Amino acid sequence: EAKQEEVTEETTEEKKEEEDKTAESSENSWIEAYQNEVQKFASENEAMYELIDITGDDIPELFISRGEFHAAGVTIFTIVNGEAVNLGEFGSFGEVMYDASKKTVRQGFSGQGHTTGSIFRIEDGKENVLVEYDSVDLEDEKSFKIDGAEVTEEEYNSALEQYSADT
C-alpha cells in the first residue's frame, strides 16, 4: 500500500510538470510564430517592427513597417490558435496610430489635401472597422465624409474623436 501511494505521488508530480511545460510552451508559441514573420521582412533594409498588446489578451500584436516612405504601410499580425494571422497592410509612411485607452488603431493616407482612412479594433482575430473617414480640404473645395455619408467638419471631427484621441 505504501508503494502504491509513492507511485501515485510520483505520477501526479510528473503529470503536473508536463502540464506546466505544455502550458508554458503554448503561452509562448506566439514568439516563434512572430519570429517567422519578422524573418520574411529581414531582407528589407528599412523594415522595423514593434510588439503591442492592443487586444488586451496578454499576447501582443506584431506591427512590421517596411520603411518611412509614403507608400510604406504597416503589416499587422495577431495570434489565433497559436498561429500568426496577417490582418493586412495599413497606413502610410510606415505608421499607424494606436490609442491605448480605446484600444483602436487609426490608419490612413493623406496627400494633396485629401485624407482617407479608418479606425478599427482587432477582435476575434480580425479587423473590426469602427469608422471610415474621408476628407478633402483644399482652398476651393472642402468635403467631409463619415462611413460614406457627407457630414459637416464639426461632425467629422466629433466622429473621429469618439473612436480615437488622435485626430
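1. A friendly place to start is helix 2: its face turned away from the buried side carries the exposed residues E32 and Q39. Do keep in mind that this is a predicted model.

2. Which residues of helix 2 are buried? They are W30, A33, Y34 and E37. These residues cover an arc of only 95 degrees around the axis, which puts them on the same side of helix 2.

3. The length of helix 2 (residues 29–40) checks out too. At 1.5 Å a residue, its 12 residues should span 16 Å, and the end C-alpha atoms lie 18 Å apart, which agrees.

4. Next, the sheet of four strands: it is open, with antiparallel pairing in the order 1-2-3-4. Strand 1 (48–52) and strand 4 (83–90) are the edge strands, each pairing on one side only. From one strand to the next, the twist averages 20 degrees.

5. Within that sheet, five bridges pair strand 1 with strand 2 (residues 61–65) in the antiparallel sense. If you want a pair to look at, I52 stands opposite E61 in strand 2.

6. Six strands form another open sheet, ordered 5-6-7-8-9-10 and paired antiparallel. Strand 5 (97–99) and strand 10 (149–150) each have a single partner strand, so one side of each is left without a neighbour in the sheet.

7. Strand 7 (residues 114–123) and strand 8 (residues 126–137) run antiparallel and are joined by 10 bridges. Here the bridge partner of I119 is V131, in strand 8.

8. Finally, what lies across strand 6 (104–111), strand 7, strand 8 and strand 9 (142–146)? That is helix 3 (residues 153–163), running at about 155 degrees to strand 8.

Methods. Residues are numbered from 1 along each chain as its sequence is written. This is a predicted model: local features need pLDDT of at least 70, side-chain atom pairs count only at pLDDT 80 or more; totals for chains, interfaces and linings use all residues. Side-chain values use heavy atoms; hydrogens and water are left out. Two strands pair if DSSP finds at least two bridges between them. Helices (H or I, at least four residues) and strands (E, at least two) are DSSP runs, numbered from the N terminus. Contact means heavy atoms within 4.5 Å. Axes are lines fitted to C-alpha atoms, for helices over the stretch in contact, and angles run from 0 to 180 degrees between N-to-C directions. The expected span of a helix is 1.5 Å times one less than its number of residues. Buried means under 20% relative accessible area, exposed over 50%, partly exposed in between (1.4 Å probe, protein chains only). The arc is that of the directions from the helix axis to the C-beta atoms.
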